[in-house]
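Here is my note on the model you sent.

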Amino acid sequence: MVGRAVLAAATIMFVVITSCMVRHAHGHDYRSALTMSLLYFEAQRSGRLPPNQRVQWRGDSALADGADHRVDLTGGYYDSGDNVKFGFPMAFTVATLSWSVVEYGDRLDAAGELGNALDAVRWGADYLARAHDAAGVDALFVQVGDGDSDHRCWQRPEDMDTPRAAYAVNASWPGSDVAAETAAALAAASVAFRRADGDYASTLLVHAKQLFEFAKYHRGLYHMSVPSAAAFYASSGDEDELLWAATWLYIATGGEKVYGDYIAGPTTFGGVRSRFSWDDKFVGAQTLNNLEQFICNVVHHAGDSGAKLSPGGMLWWDPWNNMQYVTLVSLVLAVHADHMTAARSTSVKCGYGGELSPEQLTAFARSQVDYILGTNPEATSYMVGYGSRYPAEVHHRAASVPSIKSSPAKITCKAAFDYFSKGSPDPNVIAGAIVGGPGADDRYEDSRQNYQQAEPSTVTVAPIVGVLARLLP
């Protein structure tokens, strides 16, 4: 216990020291924000926590996951502020977090965060591989827990007594979208681990290949096979996931023909998309190929992008967790700018509004990150724990209920709802969480009952890890 306490104290001290020493000319300490963003994933962990766990207010949870099928489905991440393990957004989280490592591993290493980033990838990838092993080659466990019963209860994960049924897709009950997304995640994680752990990378790649084949030959949307997922993470199609998976497999295998043929075959690249999200990965695949019209539309917030620019300068798509789209597009812009520079391409030609240089794309991505970190009309950071002012009432069960470390007696579902509604600051600061964010008018209501604005999500934080690493001096 002494070792853990020292480690936690050292982590906090590191954040404080770097906050004073490594402040960018724009006024934001990207290194401190990067450290916090990776701490957030430790707060989202399910299962038995490791000895090097730095977020000390969390404890072991959901240790019997998979018991209803007599398999081990422990581990992985809770997706947002609840206690369900949804495989679809979890796989996308692992994919984009891995992408951050693949693109900016050297910068993460220079900042002393590569090990923590790989730990975050591994925690999710281990679970996804386990969910595949437990189900079989042509099957995959895609969810543990039930959203409806979970949402009727407000318990910290260490106490939860809501149903933990596990749901799978297979050849008879397909889920090509979630299977392909999991293939993309494990292929991307394989690339991320190529230098650090070659054997592990090879194991992940085997799973990715098998899941891609399963997805390719057993088509069908997963929420039709797992109706419990429909109200929370319904899928709009599977062509984007299959293309996204094929692209990552092409990279992970060093260009194996079968994946190149799929990418070049009679499939669709989706045209000009309106957004990049856990449900629509076409932009991700296009980033690794070509997506200039999307970039023009977003930066000029015109055309078919669907994005507006708030008076304070934030890209805005949707009143529910808008920040997920902001962080994802910021990663796309940063990566594409760097790819342009590497290819000695001087500009994106928009056809309207002139041309956009790599430097302009990076500057626009920086403006979105700066908005998140406090350069906004509310003068508040939407990353919890960063700066002097940030959301105090996060829509998050574990953060809003006293820690099991300080209050070990079980807090029941009914009793925990008192913490949900009491309107006081969270007893646990979930550092690195990025809330859903303000509305199109830049206004933010700091209330955990306002789940559209106050709930954080792993799919929001994963891409900003790469952007923050890119913005380090």
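1. A disulfide is taken here as a pair of cysteine sulfur atoms within 2.5 Å. The model is a predicted one, and a search of the whole structure finds 2 disulfides.

2. Cys 296 and Cys 350 form a disulfide, with an S to S distance of 2.2 Å. This pair links distant parts of the chain, 54 residues apart: Cys 296 sits in helix H13 (residues 292-299), and Cys 350 in the loop between strand S6 (348-349) and strand S7 (355-356). The link of Cys 296 and Cys 350 is left-handed, with -85° about the S-S bond. Both Cys 296 and Cys 350 are buried.

3. The other link joins Cys 153 to Cys 413, at 2.3 Å from S to S. Are the two ends buried or partly exposed? Cys 153 has a relative accessible area of 5% and is therefore buried, the cut-off being under 20%. Cys 413, at 21%, is partly exposed.

4. With the bonded cysteines of the chain numbered in sequence order, the pairing reads 1-4, 2-3.

5. Which residues of helix H11 (residues 257-264) are buried? They are Tyr 259, Gly 260, Tyr 262 and Ile 263. These residues lie on the same side of H11, because they cover an arc of only 160° around the axis. An α-helix has 3.6 residues a turn, so residues three or four places apart point the same way. The buried residues of H11 pack against helix H7 (198-217) and helix H10 (239-252). Lys 257 and Ala 264 are exposed, on the face of H11 turned away from its buried side.

6. The largest pocket holds about 620 Å³ of space. Its lining is made up of 25 residues, and those nearest the centre are His 151, Phe 232, Tyr 233, Trp 320 and Glu 455. By class, the lining of this pocket has 14 nonpolar, 6 polar and 5 charged residues.

7. Where does the lining of the largest pocket come from? Helix H9 (230-233), helix H14 (323-342) and helix H17 (413-421) each contribute at least two residues. H9 gives the largest share, 3 residues.

Technical notes
Residues are numbered from 1 along each chain as its sequence is written. This is a predicted model: local features need pLDDT of at least 70, side-chain atom pairs count only at pLDDT 80 or more; totals for chains, interfaces and linings use all residues. Side-chain values use heavy atoms; hydrogens and water are left out. On a 1 Å grid over the protein atoms alone, a cavity is a set of points where a 1.4 Å probe fits but cannot get out, and a pocket is an open set with protein on both sides within 12 Å along at least five of seven lines; lining residues have an atom within 4 Å of a point. Grid points are joined across faces, edges and corners, and a volume is the space filled by probe spheres set on the points. Helices (H or I, at least four residues) and strands (E, at least two) are DSSP runs, numbered from the N terminus. Ala, Val, Leu, Ile, Met, Phe, Trp, Tyr, Cys and Pro count as nonpolar, Asp, Glu, Lys and Arg as charged, and the others, Gly among them, as polar. Buried means under 20% relative accessible area, exposed over 50%, partly exposed in between (1.4 Å probe, protein chains only). The arc is that of the directions from the helix axis to the C-beta atoms. Contact means heavy atoms within 4.5 Å.
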